[in-house]
Structures are given as structure tokens and as C-alpha cells.
Amino acid sequence: KSAQKILLDVLAQDTPKLANVVLAFADHSKCRRSQARQKQQQHVSSPMGQKQSTDAQPLKGKHDDEHDKPSFGKMTCCEQWVSGLSMIFWAFYCLLGLYIGGKAMQLSKQVGSFFFHEPMTNMSESWTFIFLTIMGVYNAVREALISEGNKVALITTEIIQLLLYLTAAVTLLAGPWTLKEVRNPLWDEDEDTDEDNPQWITNGLYQPMLVSATMMLTILAIGLGVAHLVVGFMREKWRAEQAKVDAALGNS
């Protein structure tokens with residue numbers, strides 16, 4: 001009994017100390033957990049513009065980013081017609097550039113070198129046609145991918161389209177097929193006479209059918225430039241009406 005009494009006395013004296021130790025350990029653990037939580041929050045939302053936690057972002061629906069998606073499928077009938085005619089125009093325009101380039105290679109073979117005035121002039125015109133074709137196709141694709149909300153960018157693109165088609169019309173009107181005669185690349189002023197080797201020869205690019213075709217393409221280029229400008233101003237209205245029609249057809 002005396003031993004039990006002594007043990008009870010010891011426990012009664014040490015209980016407050018044990019309680020204090022337990023409380024101190026709990027406070028220390030709670031403090032460490034709060035510090036770890038603060039570090040995680042600083043890592044997720046840093047002030048340097050790093051990525052935010054995806055847990056705090058709301059889930060987006062399937063059609064929330066519809067304006068940011070490529071809009072080939074949302075093109076109206078008028079836009080499809082204008083884009084289709086534009087692709088046909090640039091295809092013929094590129095063929096004319098390749099045809100001029102072929103004539104330039106023939107002239108270089110006749111002269112014996114490419115680095116003469118006539119071959120290089122024709123080749124520069126050929127590359128002008130090809131470069132304008134690349135620009136026209138790129139702007140046509142970029143026009144279809146611009147969202148309806150970005151109206152300033154859309155109208156700016158259409159103005160660039162108008163200037164591009166007007167430039168193409170000028171190159172068609174002043175192309176090498178408009179000259180009936182061209183300077184003979186083999187003619188030498190000191191040695192040749194007009195009877196042996198004339199200074200001016202018939203232009204191989206001057207063909208009545210080709211001249212008529214380029215005149216038609218010139219008219220088409222001016223019309224497409226104006227049509228693209230109209231599309232830029234009316235596109236948002238047309239697509240809104242098309243969306244209403246599609247919604248009505250889907251509900252019926």
C-alpha cells in the first residue's frame with residue numbers, strides 16, 4: 001500500500017508537466033503545418049506571373065471558347081463564295097507567274113547565262129506574281145480564323161486585302177504580255193545589223209487569248225478587293241443571323 005501511495009504521489013506531481021509537454025508539442029505541430037501551407041500558397045500564386053492553381057479556376061464548358069476556335073465551319077454562304085473565288089483567282093495568278101518564269105529560263109538558255117537583263121527582268125516579274133499569291137492565300141486563311149469580336153483586326157485585314165488585289169490588278173494590266181515586241185537578247189550594237197540579227201523581236205508572251213484572260217482577271221481582282229472589304233464590315237451581322245437560323249433548325 002505504501003508503494004502504491006508513493007506511485008500515485010509521483011503521478012500526481014508529474015501530470016501537469018506531461019500535460020504541458022503534450023500542449024507544447026501540439027502547438028509546434030500546428031505551427032509547422034501552417035508554415036507548410038503558406039509555402040504551398042506562395043508557390044502556386046507567385047507574383048512573378050507563374051501559373052495559377054487549376055483548383056481555383058472554374059471549369060469551362062465545351063462552347064465557352066467558341067470565339068477562339070478556328071472558324072472555317074462558321075463561314076456564311078457569302079464568305080464561302082468570296083473565299084472560293086479568291087482561291088481560284090490566286091491559282092490562275094500563280095500559273096501566270098510560273099509561265100513567266102518558264103519564259104525567263106528559255107531566254108537564259110538562248111543567251112547562255114541567266115545574268116542578263118531580259119532573263120532577270122522576266123524572273124523578277126515571275127517571283128512578284130508568286131509572292132503576291134502567297135500573300136493572298138495567307139490573308140484569306142487569316143481572315144477566316146479571326147474571331148468575330150476582334151473587329152478592328154478584321155477590318156484592317158480586309159483593307160490589306162483590298163490593297164493586295166489592286167496591286168495584283170496593276171501587275172496584270174502592266175504584265176510582259178502587253179508588249180508586242182521586246183529587245184533581242186542576242187543583238188550586239190557593234191556587230192549585228194537589222195538584217196542579220198534585228199534589235200527588236202516578237203514577244204513570245206504576247207498572245208491575244210492571254211491578253212484577254214489577264215483583262216478578265218483584272219476585273220475579277222478589283223471585284224474581289226471590294227467584296228473582301230464588304231465582308232469585313234458585314235461579317236459579324238451575317239454570322240449572327242446564321243447562328244439564329246442554325247439554332248432554329250436545330251430546335252425544330
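Which helix does His-117 lie in? I looked: His-117 lies in helix 3. Helices here are DSSP runs of H or I with at least four residues, strands are E runs of at least two, and both are numbered from the N terminus.

**Ground rules**

I am working on a predicted model, where local features need pLDDT of at least 70 and side-chain atom pairs count only at pLDDT 80 or more, while totals for chains, interfaces and linings use all residues. Residues are numbered from 1 along each chain as its sequence is written, and side-chain values use heavy atoms, with hydrogens and water left out.

**Overall layout**

I counted elements next. The protein chain has five helices and two strands. Read from the N terminus, their order is α-α-α-α-β-β-α.

Then I checked burial. Of the 252 residues in the protein chain, 28% are buried. Buried means under 20% relative accessible area, exposed means over 50%, and partly exposed is in between, with a 1.4 Å probe and protein chains only.

The protein chain exposes about 17700 Å², and 64% of that comes from carbon and sulfur atoms. Areas come from the Shrake-Rupley method with a 1.4 Å probe; for residues, only the protein chains shown count as cover.

I also looked up contact range. Among contacts with a separation of 6 or more, 69% join residues 24 or more positions apart. A contact is heavy atoms within 4.5 Å.

**Aromatic pairs**

I searched the whole structure and found seven aromatic pairs. Rings of Phe, Tyr and Trp (its six-membered ring) pair if their centres lie within 6.5 Å; planes under 30 degrees apart are stacked, over 60 edge-to-face, and the rest tilted.

I took Phe-89 and Trp-90 to begin with. Their ring centres are 4.9 Å apart and their planes stand at 70°, so this pair is edge-to-face. Phe-89 and Trp-90 are both buried.

Tyr-93 and Phe-129 came next. Their pair is stacked, at 4.4 Å centre to centre with 15° between the planes. It links distant parts of the chain: Tyr-93 belongs to helix 2 (residues 77–111) and Phe-129 to helix 3 (residues 117–145), 36 residues apart. Tyr-93 and Phe-129 are buried as well.

I traced the ring pairs onward. They join Phe-89, Trp-90, Tyr-93, Phe-129, Tyr-165 and Trp-177 into a cluster.

**Core**

Which residues have the most contacts inside the largest nonpolar core? I listed Phe-89, Trp-90, Tyr-93, Leu-96, Phe-129, Leu-172 and Trp-177, in a core of 18 residues. Helix 2, helix 3, helix 4 (151–173) and helix 5 each give two or more residues to this core. A nonpolar core is a set of buried Ala, Val, Leu, Ile, Met, Phe, Trp, Tyr and Cys residues joined through side-chain atoms within 4.5 Å.

I followed Trp-90 further. Leaving aside neighbours within four places in sequence, Trp-90 contacts Leu-132, Thr-133, Gly-136, Val-137, Leu-164, Tyr-165 and Ala-168.

**Salt bridge**

How many salt bridges does the structure hold? I found one. It pairs Arg-235 with Glu-79, with the closest N and O atoms 3.4 Å apart. Arg-235 lies in helix 5 (residues 208–251) and Glu-79 in helix 2, so the pair ties together parts 156 residues apart in sequence. The criterion is a side-chain nitrogen of Lys or Arg within 4 Å of a carboxyl oxygen of Asp or Glu.

**Single residues**

I checked Asn-122, in helix 3. Asn-122 has a relative accessible area of 12%, so it is buried. Not counting residues up to four places away in sequence, Asn-122 touches Ile-100, Ala-104, Leu-107 and Pro-176.

Leu-166 sits in helix 4. Its relative accessible area is 38%, so Leu-166 is partly exposed.

At 59% relative accessibility, His-117 counts as exposed. The C-alpha atoms of His-117 and Arg-183 are separated by 9.9 Å, and the two are 66 residues apart along the chain.
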